Amino acid sequence: MLIFLLPRAVPGNPLYSLLHKLSQTAQTNPEQLRLVEKRLMEEFGVGKPLLQQFVDFLIRTLNGDLGTSYFFYPTKVGDLISVHIPFTLGLLLPATIVSWVLGNMLGAFAAYKRETLKDNALLSVFLILSTTPYYWLAMLLVYYFAVTLHLFPAGGAYPIYIQPSLSLTFIAAFLRHYALPFLSIVISAIGFWAIGMRVMMIYELGSDHISFAETLGLSDRKLMTYAFRNSMLPQITGLALSIGSMLGGQLITEIVFNYRGTGYLIFRALIAGDYPLIQGIFVILISTLLIATFIVDVIYVYVDPRVRTGYSEK
Amino acid sequence: MVKEILIGVFRIKKFVVSFSILASIILIGVVGPIVYTVVPYKTVGPPEAKPSETYPLGTDAYGRDLFAQVLNGISTSIYIGFLSAIVGTAIGVVIGTIAGFKGGLVDDVLMVVTNIMMTFPAMLLMILVAAYIEERNVLYVALIISFTSWGWIARGVRAQIMSLREQQFVFMSRMAGLSDVKIAFADLLPNMASYVFMCFILLTSAAMLAEAGLSMIGLGITRGYSLGTILFWARMKEAVRRGLTWWFIPPGAILVAITTSLLVTATALDEYFSPRLRGR
(Lines give C-alpha, C1' and ligand atoms only; values in the text may rest on other atoms or scores of the structure.)
Protein backbone atom coordinates (compact mmCIF):
# COMPACT_ATOMS: atom_id res chain seq x y z
CA MET A 1 0.00 0.00 0.00
CA LEU A 2 2.87 2.31 0.82
CA ILE A 3 4.27 1.75 -2.64
CA PHE A 4 1.03 2.90 -4.12
CA LEU A 5 0.37 5.87 -1.88
CA LEU A 6 3.79 7.42 -1.59
CA PRO A 7 4.36 8.47 -5.18
CA ARG A 8 0.90 9.99 -5.16
CA ALA A 9 1.25 11.71 -1.82
CA VAL A 10 4.52 13.53 -2.42
CA PRO A 11 4.55 16.81 -4.30
CA GLY A 12 5.67 16.64 -7.93
CA ASN A 13 2.99 14.25 -9.09
CA PRO A 14 4.50 11.49 -11.22
CA LEU A 15 1.61 11.71 -13.65
CA TYR A 16 2.47 15.32 -14.17
CA SER A 17 6.09 14.52 -14.91
CA LEU A 18 4.94 11.73 -17.20
CA LEU A 19 2.69 14.09 -19.12
CA HIS A 20 5.52 16.56 -19.22
CA LYS A 21 7.68 13.87 -20.78
CA LEU A 22 4.86 13.11 -23.17
CA SER A 23 4.71 16.68 -24.41
CA GLN A 24 8.41 16.46 -25.15
CA THR A 25 7.90 13.30 -27.14
CA ALA A 26 5.08 14.97 -28.99
CA GLN A 27 7.45 17.16 -30.96
CA THR A 28 9.26 14.18 -32.35
CA ASN A 29 6.66 11.48 -32.55
CA PRO A 30 3.01 12.49 -32.42
CA GLU A 31 1.77 9.02 -33.34
CA GLN A 32 3.48 7.33 -30.46
CA LEU A 33 2.23 10.07 -28.19
CA ARG A 34 -1.39 9.37 -29.01
CA LEU A 35 -0.82 5.68 -28.54
CA VAL A 36 0.92 6.10 -25.22
CA GLU A 37 -1.62 8.63 -24.08
CA LYS A 38 -4.42 6.22 -24.78
CA ARG A 39 -2.61 3.46 -22.94
CA LEU A 40 -1.87 5.85 -20.13
CA MET A 41 -5.50 6.81 -19.81
CA GLU A 42 -6.39 3.15 -19.68
CA GLU A 43 -3.62 1.99 -17.42
CA PHE A 44 -3.51 4.71 -14.87
CA GLY A 45 -7.20 5.42 -14.96
CA VAL A 46 -6.59 9.16 -14.94
CA GLY A 47 -9.53 11.02 -13.51
CA LYS A 48 -10.78 8.04 -11.57
CA PRO A 49 -10.95 8.50 -7.82
CA LEU A 50 -7.87 7.52 -5.88
CA LEU A 51 -9.54 4.56 -4.23
CA GLN A 52 -10.62 3.17 -7.60
CA GLN A 53 -7.05 3.54 -8.86
CA PHE A 54 -5.73 1.74 -5.85
CA VAL A 55 -8.15 -1.16 -6.22
CA ASP A 56 -7.26 -1.46 -9.92
CA PHE A 57 -3.57 -1.44 -9.06
CA LEU A 58 -4.04 -4.12 -6.43
CA ILE A 59 -6.10 -6.38 -8.70
CA ARG A 60 -3.64 -6.05 -11.56
CA THR A 61 -0.66 -6.66 -9.30
CA LEU A 62 -2.28 -9.73 -7.82
CA ASN A 63 -2.91 -11.01 -11.33
CA GLY A 64 0.79 -10.60 -12.03
CA ASP A 65 0.37 -7.66 -14.37
CA LEU A 66 2.68 -4.83 -13.42
CA GLY A 67 1.84 -2.62 -16.37
CA THR A 68 3.95 -1.38 -19.24
CA SER A 69 7.22 0.44 -18.97
CA TYR A 70 7.22 3.92 -20.38
CA PHE A 71 10.89 4.22 -21.13
CA PHE A 72 11.41 0.82 -22.73
CA TYR A 73 8.06 1.31 -24.37
CA PRO A 74 6.26 -1.81 -25.51
CA THR A 75 8.11 -3.99 -23.00
CA LYS A 76 6.09 -5.16 -20.03
CA VAL A 77 7.44 -4.20 -16.60
CA GLY A 78 7.23 -7.81 -15.53
CA ASP A 79 9.45 -8.95 -18.41
CA LEU A 80 12.02 -6.28 -17.71
CA ILE A 81 12.24 -7.23 -14.06
CA SER A 82 12.41 -10.95 -14.72
CA VAL A 83 15.44 -10.33 -16.93
CA HIS A 84 17.21 -8.29 -14.27
CA ILE A 85 16.25 -9.90 -11.00
CA PRO A 86 18.32 -13.11 -11.37
CA PHE A 87 21.43 -10.95 -11.46
CA THR A 88 20.47 -9.16 -8.27
CA LEU A 89 19.50 -12.29 -6.37
CA GLY A 90 22.46 -14.21 -7.78
CA LEU A 91 24.74 -11.57 -6.31
CA LEU A 92 22.89 -10.70 -3.12
CA LEU A 93 22.11 -14.15 -1.71
CA PRO A 94 25.55 -15.79 -1.99
CA ALA A 95 27.28 -12.60 -0.86
CA THR A 96 25.00 -12.25 2.16
CA ILE A 97 25.42 -15.88 3.17
CA VAL A 98 29.18 -15.91 2.69
CA SER A 99 29.66 -12.68 4.64
CA TRP A 100 27.34 -13.94 7.36
CA VAL A 101 29.20 -17.22 7.78
CA LEU A 102 32.65 -15.64 7.60
CA GLY A 103 31.64 -12.79 9.90
CA ASN A 104 30.26 -15.16 12.50
CA MET A 105 33.36 -17.32 12.44
CA LEU A 106 35.71 -14.36 12.70
CA GLY A 107 33.59 -12.84 15.47
CA ALA A 108 33.65 -16.08 17.42
CA PHE A 109 37.40 -16.30 16.94
CA ALA A 110 37.83 -12.74 18.24
CA ALA A 111 35.67 -13.58 21.25
CA TYR A 112 37.76 -16.69 21.91
CA LYS A 113 40.92 -14.58 21.87
CA ARG A 114 39.24 -11.74 23.77
CA GLU A 115 41.36 -9.07 25.43
CA THR A 116 44.40 -10.08 23.41
CA LEU A 117 46.26 -8.24 20.69
CA LYS A 118 44.60 -10.37 18.02
CA ASP A 119 41.13 -9.50 19.32
CA ASN A 120 41.90 -5.80 19.43
CA ALA A 121 43.35 -5.81 15.94
CA LEU A 122 40.41 -7.76 14.55
CA LEU A 123 37.92 -5.55 16.36
CA SER A 124 39.36 -2.36 14.91
CA VAL A 125 39.28 -3.87 11.43
CA PHE A 126 35.66 -4.95 11.94
CA LEU A 127 34.70 -1.50 13.18
CA ILE A 128 36.21 0.23 10.18
CA LEU A 129 34.73 -2.32 7.77
CA SER A 130 31.27 -2.05 9.28
CA THR A 131 31.13 1.69 8.61
CA THR A 132 32.74 1.50 5.18
CA PRO A 133 30.05 2.11 2.58
CA TYR A 134 29.73 -0.70 0.03
CA TYR A 135 30.02 1.64 -2.89
CA TRP A 136 33.19 3.32 -1.77
CA LEU A 137 34.82 -0.03 -1.10
CA ALA A 138 33.61 -1.04 -4.54
CA MET A 139 35.37 1.99 -6.03
CA LEU A 140 38.61 1.11 -4.25
CA LEU A 141 38.39 -2.51 -5.40
CA VAL A 142 37.74 -1.47 -8.99
CA TYR A 143 40.66 0.91 -8.87
CA TYR A 144 43.07 -1.62 -7.41
CA PHE A 145 42.04 -4.86 -9.13
CA ALA A 146 40.66 -3.60 -12.41
CA VAL A 147 42.52 -0.41 -13.18
CA THR A 148 45.92 -1.03 -11.61
CA LEU A 149 46.28 -4.81 -11.81
CA HIS A 150 43.91 -5.50 -14.74
CA LEU A 151 42.81 -8.68 -13.00
CA PHE A 152 39.06 -8.20 -13.30
CA PRO A 153 36.81 -6.16 -15.55
CA ALA A 154 35.73 -2.83 -14.12
CA GLY A 155 32.00 -3.14 -14.62
CA GLY A 156 29.04 -4.85 -16.19
CA ALA A 157 27.64 -8.29 -15.54
CA TYR A 158 29.03 -9.90 -18.68
CA PRO A 159 30.77 -8.70 -21.85
CA ILE A 160 28.40 -7.15 -24.39
CA TYR A 161 29.70 -9.29 -27.24
CA ILE A 162 28.68 -12.57 -25.56
CA GLN A 163 25.01 -13.54 -25.44
CA PRO A 164 23.83 -14.91 -22.10
CA SER A 165 23.89 -18.69 -22.43
CA LEU A 166 25.09 -21.75 -20.57
CA SER A 167 28.32 -22.02 -22.57
CA LEU A 168 31.65 -22.24 -20.78
CA THR A 169 32.96 -18.97 -22.19
CA PHE A 170 29.94 -17.10 -20.91
CA ILE A 171 30.13 -18.61 -17.45
CA ALA A 172 33.84 -17.83 -17.21
CA ALA A 173 33.28 -14.25 -18.32
CA PHE A 174 30.31 -13.92 -16.00
CA LEU A 175 32.33 -15.12 -13.00
CA ARG A 176 35.12 -12.68 -13.78
CA HIS A 177 32.59 -9.86 -13.73
CA TYR A 178 31.00 -11.33 -10.65
CA ALA A 179 34.13 -11.33 -8.49
CA LEU A 180 34.47 -7.64 -7.64
CA PRO A 181 30.85 -6.77 -6.75
CA PHE A 182 30.71 -9.99 -4.76
CA LEU A 183 33.89 -9.15 -2.85
CA SER A 184 32.83 -5.61 -2.11
CA ILE A 185 29.55 -6.75 -0.57
CA VAL A 186 31.14 -9.60 1.39
CA ILE A 187 34.00 -7.52 2.78
CA SER A 188 31.90 -4.59 3.87
CA ALA A 189 29.25 -6.79 5.48
CA ILE A 190 31.67 -9.03 7.41
CA GLY A 191 32.44 -6.33 9.97
CA PHE A 192 28.83 -5.92 11.00
CA TRP A 193 28.27 -9.64 11.60
CA ALA A 194 31.62 -10.13 13.31
CA ILE A 195 30.98 -7.35 15.83
CA GLY A 196 27.54 -8.72 16.67
CA MET A 197 28.88 -12.25 17.01
CA ARG A 198 31.80 -11.17 19.18
CA VAL A 199 29.51 -9.39 21.64
CA MET A 200 27.10 -12.34 21.76
CA MET A 201 29.91 -14.82 22.26
CA ILE A 202 31.55 -12.86 25.05
CA TYR A 203 28.16 -12.60 26.72
CA GLU A 204 27.51 -16.32 26.29
CA LEU A 205 30.99 -17.32 27.47
CA GLY A 206 30.37 -15.40 30.67
CA SER A 207 26.97 -16.99 31.29
CA ASP A 208 26.21 -19.49 34.04
CA HIS A 209 25.78 -22.63 31.98
CA ILE A 210 29.15 -22.15 30.32
CA SER A 211 30.87 -21.57 33.67
CA PHE A 212 29.17 -24.73 34.88
CA ALA A 213 30.39 -26.68 31.87
CA GLU A 214 33.83 -25.27 32.52
CA THR A 215 33.88 -26.58 36.09
CA LEU A 216 32.93 -29.97 34.67
CA GLY A 217 36.24 -29.83 32.86
CA LEU A 218 35.00 -29.71 29.29
CA SER A 219 37.51 -28.79 26.65
CA ASP A 220 37.72 -25.25 25.27
CA ARG A 221 36.61 -26.56 21.92
CA LYS A 222 33.44 -28.03 23.35
CA LEU A 223 32.71 -24.86 25.30
CA MET A 224 33.11 -22.78 22.18
CA THR A 225 30.70 -25.01 20.31
CA TYR A 226 28.06 -24.59 23.00
CA ALA A 227 28.48 -20.83 23.16
CA PHE A 228 28.59 -20.62 19.38
CA ARG A 229 25.31 -22.44 18.96
CA ASN A 230 23.53 -20.17 21.41
CA SER A 231 25.00 -17.04 19.87
CA MET A 232 23.82 -18.09 16.42
CA LEU A 233 20.18 -17.52 17.29
CA PRO A 234 20.23 -13.73 17.56
CA GLN A 235 22.45 -13.67 14.51
CA ILE A 236 19.78 -15.50 12.50
CA THR A 237 17.20 -12.95 13.61
CA GLY A 238 19.70 -10.28 12.65
CA LEU A 239 19.98 -11.84 9.22
CA ALA A 240 16.22 -11.60 8.76
CA LEU A 241 16.19 -7.97 9.84
CA SER A 242 19.15 -6.90 7.78
CA ILE A 243 18.13 -8.36 4.43
CA GLY A 244 16.45 -5.05 3.68
CA SER A 245 19.51 -2.93 4.30
CA MET A 246 21.69 -5.45 2.47
CA LEU A 247 19.43 -4.99 -0.50
CA GLY A 248 19.76 -1.21 -0.28
CA GLY A 249 23.55 -1.47 -0.28
CA GLN A 250 23.40 -4.00 -3.09
CA LEU A 251 21.38 -1.64 -5.29
CA ILE A 252 24.02 1.06 -4.97
CA THR A 253 26.86 -1.41 -5.54
CA GLU A 254 25.17 -2.51 -8.74
CA ILE A 255 25.04 1.07 -9.91
CA VAL A 256 28.75 1.55 -9.22
CA PHE A 257 29.61 -1.57 -11.21
CA ASN A 258 27.01 -0.98 -13.93
CA TYR A 259 25.96 -4.49 -12.99
CA ARG A 260 22.82 -5.48 -14.86
CA GLY A 261 20.61 -6.04 -11.82
CA THR A 262 17.52 -4.36 -10.49
CA GLY A 263 19.56 -1.57 -8.88
CA TYR A 264 20.81 -0.60 -12.29
CA LEU A 265 17.26 -0.85 -13.62
CA ILE A 266 15.96 1.42 -10.85
CA PHE A 267 18.67 3.93 -11.69
CA ARG A 268 17.63 3.95 -15.36
CA ALA A 269 13.96 4.12 -14.41
CA LEU A 270 14.54 7.02 -12.04
CA ILE A 271 16.45 9.02 -14.63
CA ALA A 272 13.74 8.37 -17.21
CA GLY A 273 10.91 9.03 -14.75
CA ASP A 274 9.55 5.61 -15.66
CA TYR A 275 6.82 5.47 -13.09
CA PRO A 276 5.22 2.05 -13.72
CA LEU A 277 8.66 0.48 -13.87
CA ILE A 278 9.69 1.96 -10.52
CA GLN A 279 6.43 0.83 -8.99
CA GLY A 280 6.87 -2.65 -10.43
CA ILE A 281 10.44 -3.01 -9.19
CA PHE A 282 9.38 -1.98 -5.74
CA VAL A 283 6.50 -4.43 -5.65
CA ILE A 284 8.79 -7.27 -6.70
CA LEU A 285 11.69 -6.33 -4.44
CA ILE A 286 9.51 -5.99 -1.40
CA SER A 287 7.69 -9.24 -1.98
CA THR A 288 11.08 -10.92 -2.44
CA LEU A 289 12.16 -9.41 0.85
CA LEU A 290 9.06 -10.63 2.63
CA ILE A 291 9.59 -14.13 1.26
CA ALA A 292 13.24 -14.04 2.37
CA THR A 293 12.27 -12.89 5.85
CA PHE A 294 9.67 -15.65 6.00
CA ILE A 295 12.24 -18.28 5.01
CA VAL A 296 14.61 -17.08 7.72
CA ASP A 297 11.76 -17.31 10.23
CA VAL A 298 11.10 -20.89 9.20
CA ILE A 299 14.79 -21.74 9.51
CA TYR A 300 14.74 -20.19 12.96
CA VAL A 301 12.07 -22.66 14.05
CA TYR A 302 14.32 -25.53 12.99
CA VAL A 303 17.41 -24.14 14.66
CA ASP A 304 16.00 -23.06 18.01
CA PRO A 305 14.86 -26.11 19.99
CA ARG A 306 12.74 -23.94 22.31
CA VAL A 307 10.65 -22.56 19.48
CA ARG A 308 10.41 -26.03 17.92
CA THR A 309 9.08 -27.71 21.05
CA GLY A 310 6.82 -24.73 21.60
CA TYR A 311 5.19 -25.43 18.25
CA SER A 312 4.88 -29.19 18.64
CA GLU A 313 3.31 -28.92 22.06
CA LYS A 314 0.48 -26.78 20.76
CA MET B 1 28.58 16.03 38.43
CA VAL B 2 29.27 17.07 34.85
CA LYS B 3 32.91 17.53 35.72
CA GLU B 4 33.13 14.05 37.21
CA ILE B 5 31.62 12.50 34.10
CA LEU B 6 33.98 14.41 31.85
CA ILE B 7 37.04 13.37 33.85
CA GLY B 8 35.86 9.75 33.87
CA VAL B 9 35.09 9.70 30.20
CA PHE B 10 38.41 11.20 29.21
CA ARG B 11 40.22 8.46 31.09
CA ILE B 12 39.01 5.97 28.48
CA LYS B 13 41.68 5.79 25.82
CA LYS B 14 39.28 4.66 23.10
CA PHE B 15 37.09 7.68 23.71
CA VAL B 16 39.92 10.18 23.69
CA VAL B 17 41.32 8.89 20.40
CA SER B 18 38.01 8.64 18.55
CA PHE B 19 36.68 11.86 19.98
CA SER B 20 39.75 13.84 18.97
CA ILE B 21 39.57 12.44 15.43
CA LEU B 22 35.90 13.36 15.27
CA ALA B 23 36.41 16.81 16.78
CA SER B 24 39.27 17.66 14.44
CA ILE B 25 37.30 16.61 11.35
CA ILE B 26 34.30 18.65 12.48
CA LEU B 27 36.61 21.58 13.16
CA ILE B 28 38.13 21.25 9.69
CA GLY B 29 34.64 21.14 8.20
CA VAL B 30 33.49 24.25 10.07
CA VAL B 31 36.64 26.39 9.97
CA GLY B 32 38.02 25.07 6.68
CA PRO B 33 35.65 26.87 4.28
CA ILE B 34 36.23 30.14 6.16
CA VAL B 35 40.03 29.91 6.03
CA TYR B 36 40.39 28.27 2.61
CA THR B 37 38.40 30.68 0.50
CA VAL B 38 38.59 29.04 -2.93
CA VAL B 39 35.06 28.78 -4.35
CA PRO B 40 34.21 25.11 -4.96
CA TYR B 41 31.84 25.86 -7.86
CA LYS B 42 34.29 27.82 -9.98
CA THR B 43 36.81 26.59 -12.47
CA VAL B 44 40.13 27.66 -11.00
CA GLY B 45 42.70 25.58 -12.84
CA PRO B 46 43.35 22.91 -15.44
CA PRO B 47 40.94 19.95 -15.43
CA GLU B 48 41.94 16.82 -13.53
CA ALA B 49 45.13 18.31 -12.14
CA LYS B 50 47.05 16.16 -9.69
CA PRO B 51 47.35 17.33 -6.08
CA SER B 52 49.95 20.07 -5.85
CA GLU B 53 50.73 23.10 -3.75
CA THR B 54 48.15 25.25 -5.51
CA TYR B 55 45.47 22.54 -5.44
CA PRO B 56 45.98 20.48 -2.26
CA LEU B 57 43.65 17.72 -3.47
CA GLY B 58 43.85 18.37 -7.19
CA THR B 59 40.97 19.44 -9.42
CA ASP B 60 37.95 17.66 -10.93
CA ALA B 61 36.94 17.24 -14.57
CA TYR B 62 35.89 20.90 -14.80
CA GLY B 63 39.02 22.25 -13.13
CA ARG B 64 37.26 22.96 -9.86
CA ASP B 65 39.24 22.77 -6.65
CA LEU B 66 38.59 19.45 -4.91
CA PHE B 67 40.00 20.54 -1.57
CA ALA B 68 37.38 23.28 -1.40
CA GLN B 69 34.71 20.76 -2.38
CA VAL B 70 35.77 18.32 0.32
CA LEU B 71 35.85 21.07 2.95
CA ASN B 72 32.32 22.09 1.98
CA GLY B 73 31.31 18.48 1.73
CA ILE B 74 32.39 17.70 5.29
CA SER B 75 30.26 20.46 6.76
CA THR B 76 27.26 19.58 4.56
CA SER B 77 27.48 15.88 5.37
CA ILE B 78 27.88 16.46 9.09
CA TYR B 79 25.06 18.99 9.03
CA ILE B 80 22.75 16.52 7.28
CA GLY B 81 23.87 13.80 9.68
CA PHE B 82 23.13 15.82 12.81
CA LEU B 83 19.93 17.36 11.51
CA SER B 84 18.42 14.03 10.50
CA ALA B 85 19.62 12.49 13.75
CA ILE B 86 17.92 15.25 15.75
CA VAL B 87 14.64 14.90 13.87
CA GLY B 88 14.81 11.10 13.72
CA THR B 89 15.61 10.74 17.40
CA ALA B 90 12.86 13.19 18.29
CA ILE B 91 10.27 11.26 16.28
CA GLY B 92 11.48 7.97 17.71
CA VAL B 93 11.47 9.22 21.30
CA VAL B 94 8.04 10.83 21.05
CA ILE B 95 6.42 7.80 19.42
CA GLY B 96 8.21 5.37 21.71
CA THR B 97 7.29 7.34 24.81
CA ILE B 98 3.63 7.66 23.86
CA ALA B 99 3.40 3.99 22.90
CA GLY B 100 5.15 2.76 26.01
CA PHE B 101 3.39 5.11 28.37
CA LYS B 102 -0.18 4.92 27.12
CA GLY B 103 -0.21 1.23 26.25
CA GLY B 104 -3.38 -0.37 24.94
CA LEU B 105 -4.79 0.60 21.57
CA VAL B 106 -2.52 3.62 21.11
CA ASP B 107 0.47 1.36 21.67
CA ASP B 108 -0.80 -1.23 19.19
CA VAL B 109 -1.44 1.28 16.44
CA LEU B 110 1.89 3.04 16.90
CA MET B 111 3.78 -0.24 16.98
CA VAL B 112 2.13 -1.42 13.77
CA VAL B 113 3.29 1.78 12.09
CA THR B 114 6.77 1.36 13.58
CA ASN B 115 7.01 -2.24 12.44
CA ILE B 116 6.00 -1.31 8.92
CA MET B 117 8.70 1.36 8.93
CA MET B 118 11.25 -1.14 10.16
CA THR B 119 10.54 -3.96 7.75
CA PHE B 120 10.29 -1.67 4.77
CA PRO B 121 13.88 -1.24 3.66
CA ALA B 122 14.83 2.33 4.50
CA MET B 123 16.97 2.76 1.42
CA LEU B 124 14.10 1.86 -0.93
CA LEU B 125 11.78 4.24 0.88
CA MET B 126 14.34 7.01 0.65
CA ILE B 127 14.81 6.38 -3.06
CA LEU B 128 11.07 6.43 -3.58
CA VAL B 129 10.54 9.72 -1.76
CA ALA B 130 13.68 11.44 -3.01
CA ALA B 131 12.89 10.53 -6.62
CA TYR B 132 9.70 12.56 -6.54
CA ILE B 133 11.20 15.73 -5.13
CA GLU B 134 12.85 17.66 -7.88
CA GLU B 135 14.75 20.32 -5.97
CA ARG B 136 16.41 18.61 -3.05
CA ASN B 137 18.16 20.93 -0.61
CA VAL B 138 19.99 19.95 2.55
CA LEU B 139 16.85 20.19 4.65
CA TYR B 140 14.79 17.88 2.42
CA VAL B 141 17.50 15.24 2.28
CA ALA B 142 17.89 15.36 6.06
CA LEU B 143 14.13 15.05 6.55
CA ILE B 144 13.83 12.16 4.10
CA ILE B 145 16.55 10.29 5.97
CA SER B 146 15.10 11.00 9.40
CA PHE B 147 11.55 10.00 8.42
CA THR B 148 12.77 6.60 7.31
CA SER B 149 15.09 5.75 10.16
CA TRP B 150 13.36 6.33 13.48
CA GLY B 151 11.80 2.84 13.78
CA TRP B 152 14.36 1.08 15.95
CA ILE B 153 14.66 4.10 18.27
CA ALA B 154 10.92 4.09 18.88
CA ARG B 155 11.08 0.38 19.68
CA GLY B 156 14.00 0.80 22.06
CA VAL B 157 12.49 3.80 23.85
CA ARG B 158 9.17 2.01 24.19
CA ALA B 159 10.84 -0.99 25.84
CA GLN B 160 12.68 1.29 28.25
CA ILE B 161 9.55 3.24 29.12
CA MET B 162 7.61 0.03 29.70
CA SER B 163 10.10 -1.09 32.32
CA LEU B 164 10.52 2.37 33.83
CA ARG B 165 6.85 3.16 34.27
CA GLU B 166 6.44 0.34 36.77
CA GLN B 167 9.07 1.92 39.01
CA GLN B 168 8.07 3.41 42.33
CA PHE B 169 9.02 6.99 41.63
CA VAL B 170 6.54 7.08 38.79
CA PHE B 171 3.77 6.00 41.13
CA MET B 172 4.87 8.68 43.56
CA SER B 173 4.64 11.34 40.87
CA ARG B 174 1.27 10.03 39.82
CA MET B 175 0.02 10.17 43.39
CA ALA B 176 1.30 13.72 43.59
CA GLY B 177 -1.14 14.45 40.77
CA LEU B 178 1.34 15.21 38.00
CA SER B 179 0.09 15.01 34.43
CA ASP B 180 1.15 12.24 32.06
CA VAL B 181 3.17 14.62 29.94
CA LYS B 182 5.00 15.94 32.96
CA ILE B 183 5.76 12.46 34.23
CA ALA B 184 7.04 11.42 30.84
CA PHE B 185 9.34 14.42 30.53
CA ALA B 186 10.40 14.91 34.12
CA ASP B 187 10.64 11.34 35.37
CA LEU B 188 11.09 9.00 32.46
CA LEU B 189 13.16 10.80 29.86
CA PRO B 190 16.05 11.79 32.16
CA ASN B 191 16.41 8.13 33.04
CA MET B 192 16.87 7.24 29.41
CA ALA B 193 19.17 10.14 28.57
CA SER B 194 22.22 7.99 27.98
CA TYR B 195 20.27 5.55 25.80
CA VAL B 196 18.76 8.35 23.73
CA PHE B 197 22.14 9.98 23.37
CA MET B 198 23.60 6.71 22.09
CA CYS B 199 20.78 6.43 19.58
CA PHE B 200 21.47 9.96 18.47
CA ILE B 201 25.14 9.27 17.79
CA LEU B 202 24.45 6.01 15.96
CA LEU B 203 21.73 7.68 13.90
CA THR B 204 24.09 10.51 12.96
CA SER B 205 26.55 8.01 11.58
CA ALA B 206 23.83 6.04 9.80
CA ALA B 207 22.35 9.22 8.35
CA MET B 208 25.67 10.34 6.93
CA LEU B 209 26.09 6.98 5.23
CA ALA B 210 22.52 7.15 3.96
CA GLU B 211 23.14 10.60 2.55
CA ALA B 212 26.19 9.38 0.69
CA GLY B 213 24.21 6.38 -0.57
CA LEU B 214 21.37 8.57 -1.84
CA SER B 215 23.87 10.86 -3.51
CA MET B 216 25.51 7.92 -5.23
CA ILE B 217 22.24 7.13 -6.99
CA GLY B 218 21.97 10.77 -7.93
CA LEU B 219 19.26 11.53 -5.39
CA GLY B 220 21.33 13.63 -2.99
CA ILE B 221 21.25 17.38 -2.66
CA THR B 222 20.79 19.02 -6.05
CA ARG B 223 22.98 22.02 -5.33
CA GLY B 224 26.22 22.33 -3.38
CA TYR B 225 28.60 19.62 -2.26
CA SER B 226 28.42 16.83 0.24
CA LEU B 227 30.89 13.97 0.56
CA GLY B 228 28.36 11.82 -1.27
CA THR B 229 27.87 14.16 -4.21
CA ILE B 230 31.63 14.40 -4.74
CA LEU B 231 31.70 10.61 -4.97
CA PHE B 232 28.71 10.74 -7.33
CA TRP B 233 30.49 13.09 -9.72
CA ALA B 234 33.64 11.03 -9.46
CA ARG B 235 31.59 8.03 -10.56
CA MET B 236 29.78 9.89 -13.32
CA LYS B 237 33.07 11.13 -14.75
CA GLU B 238 34.63 7.64 -14.54
CA ALA B 239 37.30 8.85 -12.10
CA VAL B 240 37.90 5.31 -10.87
CA ARG B 241 38.44 3.78 -14.26
CA ARG B 242 40.82 6.55 -15.25
CA GLY B 243 42.78 6.30 -12.01
CA LEU B 244 42.03 9.79 -10.66
CA THR B 245 42.68 8.62 -7.10
CA TRP B 246 42.67 12.10 -5.59
CA TRP B 247 39.07 12.53 -6.62
CA PHE B 248 37.37 9.53 -5.04
CA ILE B 249 39.63 8.42 -2.19
CA PRO B 250 39.62 11.50 0.11
CA PRO B 251 35.82 11.98 0.43
CA GLY B 252 35.26 8.28 1.12
CA ALA B 253 38.14 8.06 3.57
CA ILE B 254 36.86 11.08 5.49
CA LEU B 255 33.36 9.61 5.54
CA VAL B 256 34.68 6.34 6.97
CA ALA B 257 36.81 8.23 9.50
CA ILE B 258 33.81 10.25 10.72
CA THR B 259 31.41 7.31 10.95
CA THR B 260 33.97 5.01 12.58
CA SER B 261 34.96 7.58 15.17
CA LEU B 262 31.27 8.28 15.89
CA LEU B 263 30.71 4.57 16.41
CA VAL B 264 33.74 4.16 18.69
CA THR B 265 32.78 7.26 20.66
CA ALA B 266 29.31 5.83 21.14
CA THR B 267 30.66 2.45 22.29
CA ALA B 268 33.08 4.10 24.69
CA LEU B 269 30.31 6.24 26.19
CA ASP B 270 28.05 3.21 26.44
CA GLU B 271 30.74 1.34 28.31
CA TYR B 272 31.14 4.26 30.65
CA PHE B 273 27.44 4.72 31.34
CA SER B 274 26.56 1.07 31.79
CA PRO B 275 29.13 -0.35 34.22
CA ARG B 276 28.11 -3.91 33.38
CA LEU B 277 30.06 -3.64 30.16
CA ARG B 278 33.09 -2.12 31.84
CA GLY B 279 36.09 -4.31 32.44
CA ARG B 280 35.00 -6.97 30.03
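Analyst: One term to begin with: helices (H or I, at least four residues) and strands (E, at least two) are DSSP runs, numbered from the N terminus. The model is predicted, so local features need pLDDT of at least 70 and side-chain atom pairs count only at pLDDT 80 or more, while totals for chains, interfaces and linings use all residues. Residues are numbered from 1 along each chain as its sequence is written, and chains are lettered from A and ligands numbered from 1 in the order in which they are written.

User: OK. What is the run of elements in chain B from the N terminus on?
Analyst: The order is α-α-α-α-α-α-α-α-α-α-α. That is 11 helices and zero strands for chain B.

User: And what does the secondary structure of chain A come to?
Analyst: Chain A has 13 helices and zero strands.

User: Which residues touch the most other members of the largest nonpolar core?
Analyst: Such a core is a set of buried Ala, Val, Leu, Ile, Met, Phe, Trp, Tyr and Cys residues joined through C-beta atoms within 7 Å. The largest one has 138 residues, and those touching the most other members are A:Ala138, A:Met139, A:Ile266, A:Ile281, B:Met126, B:Ile127 and B:Leu231. Helix 9 (residues 180-217) of chain B supplies the largest share of this core, 17 residues.

User: What does A:Ile281 touch?
Analyst: Leaving out residues up to four places away in sequence, A:Ile281 touches A:Ile81, A:Thr262, A:Leu265, A:Ile266 and A:Ala269. Contact here means that the C-beta atoms, placed from the backbone, lie within 7 Å.

User: Switching to packing. At what angle do helix 3 and helix 6 of chain B cross?
Analyst: Roughly 45°, and the axes of helix 3 (residues 66-102) and helix 6 (residues 138-148) of chain B come within 8 Å. Axes are lines fitted to C-alpha atoms, for helices over the stretch in contact, and angles run from 0 to 180 degrees between N-to-C directions. Helix 3 and helix 6 of chain B are therefore oblique to each other. Angles under 35 degrees count as roughly parallel, over 145 as roughly antiparallel, 65 to 115 as roughly perpendicular and the rest as oblique.

User: Which classes of residue make up that contact of helix 3 with helix 6 of chain B?
Analyst: There are 10 nonpolar, four polar and no charged residues. Ala, Val, Leu, Ile, Met, Phe, Trp, Tyr, Cys and Pro count as nonpolar, Asp, Glu, Lys and Arg as charged, and the others, Gly among them, as polar. Among those in helix 3 of chain B are B:Tyr79 and B:Leu83, and helix 6 of chain B contributes residues including B:Val141 and B:Ile145.

User: And helix 2 against helix 3 of chain B, at what angle do they cross?
Analyst: Roughly 120°, with the axes of helix 2 (residues 13-35) and helix 3 of chain B coming within 8 Å. That makes helix 2 oblique to helix 3 of chain B.

User: Where is B:Val16, and is it exposed, partly exposed or buried?
Analyst: B:Val16 is in helix 2 of chain B. With 14 other C-beta atoms within 10 Å, B:Val16 is partly exposed. B:Val16 and B:Ala268 are 252 residues apart in sequence and 9.2 Å apart in space, C-alpha to C-alpha.

Definitions and conventions
Buried ≥ 20, exposed ≤ 12 C-beta atoms within 10 Å, placed from the backbone. Contact = placed C-beta atoms within 7 Å.
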